[in-house]
Amino acid sequence: MIRVYFTDDHKIVVDSLSKIINDSTDEIKIEKCFYDGASCANGLKTELPDVLLLDIQLQDCDGIELCAKLMSKYPDLKIIMLTSFSESSIVKRALESGAKGYILKNVNIKELLDGIKVVNDGKTFISKDIRAIIDKTNESSVWLTNREKEVLKLLAEGLSTNEIADKLSRNEETIRSHRKNILLKLEAKNVAEAVKIGIEKRIIV
């Protein structure tokens, strides 16, 4: 049996998907679930799973950075990034960080189970949708949603998170989420760097 740990900050995703996996096969078992990066890191100190499912966007950290840290500490750990991010630049970062798999959350259960088995066997698994996107995408391109472009433009104008939330009639948590997505997609360390990249790539003018 393949022992799997699952880390995602959306409890309903973790609980429902864990149940689906455990009910679907006797070959794979979700043994432990974590809802943030710190809990995941602490949970691995006592025992490692055969495969770790790890989300990219966690409340307390960047999942790709966490993946790199975990791989540095546990080089034999097999990590699959299970996420909604489909940008080729992010896939590249994840694989460079040591992830052995990259699967979108909208895949069917069979493909997810197949991915877990492939990675457990020591191979790399990329979901079909992601392979198709990589084949079609120019690696130099960056894709932001219209809302993310709008937020980036306002950040470039010097507005704070609170001011952007007021201007766009959204709550601050939503704007913070957009900011995290922007930094992740642009591979920027901070807002200033994101704005610089946005201007260079003519995402904002």
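Begin with the lining of the largest pocket in this predicted model, which by class has five nonpolar, one polar and six charged residues. To bring that lining up in the viewer, select I56, Q57, C61, D62, E65, R93, K180, L183, L184, E187, A188 and K189. The pocket they line has a volume of about 280 Å³, and the largest share of its lining, three residues, comes from helix α9, which covers residues 172-186.

Now select the whole of helix α9, residues 172-186, and look along its length from end to end. How far apart are the end C-alpha atoms of α9? They are 21 Å apart, and this agrees with the span that the 15 residues of α9 should have at 1.5 Å a residue, which is also 21 Å.

Staying with α9, colour its buried residues, which are I175, H178, N181, I182, L184, K185 and L186. Then show the helices against which the buried residues of α9 pack, namely α4 (88-96), α7 (146-156), α8 (161-168) and α10 (191-200).

From this group, move to helix α8 and pick T161, which is found there. Is T161 buried or exposed? Its relative accessible area is 12%, which falls under the 20% cut-off, so T161 counts as buried.

For the last stop, turn to the aromatic rings, where the structure holds one aromatic pair. Select Y5 and F34, whose rings are arranged edge-to-face, with 5.9 Å from centre to centre and 75° between the planes. This pair links distant parts of the chain, for Y5 sits in strand β1 (residues 2-7) and F34 in strand β2 (residues 28-34), 29 residues apart. Both Y5 and F34 are buried.

Methods: Residues numbered from 1 in each chain as written. Predicted model: local features only at pLDDT ≥ 70, side-chain atom pairs only at ≥ 80, totals over all residues. Heavy atoms only, no water. 1 Å grid on protein atoms, 1.4 Å probe; cavity = no way out; pocket = protein on both sides within 12 Å on 5 of 7 lines; lining within 4 Å. Points joined across faces, edges and corners; volume = space filled by probe spheres on them. Helix = DSSP H or I, 4+ residues; strand = E, 2+ residues; numbered from the N terminus. Nonpolar A, V, L, I, M, F, W, Y, C, P; charged D, E, K, R; others polar. Phe/Tyr/Trp six-rings, centres within 6.5 Å; stacked < 30°, edge-to-face > 60°. Buried < 20%, exposed > 50% of the residue type's maximum accessible area, 1.4 Å probe, protein only. Expected span 1.5 Å × (residues − 1). Contact = heavy atoms within 4.5 Å.
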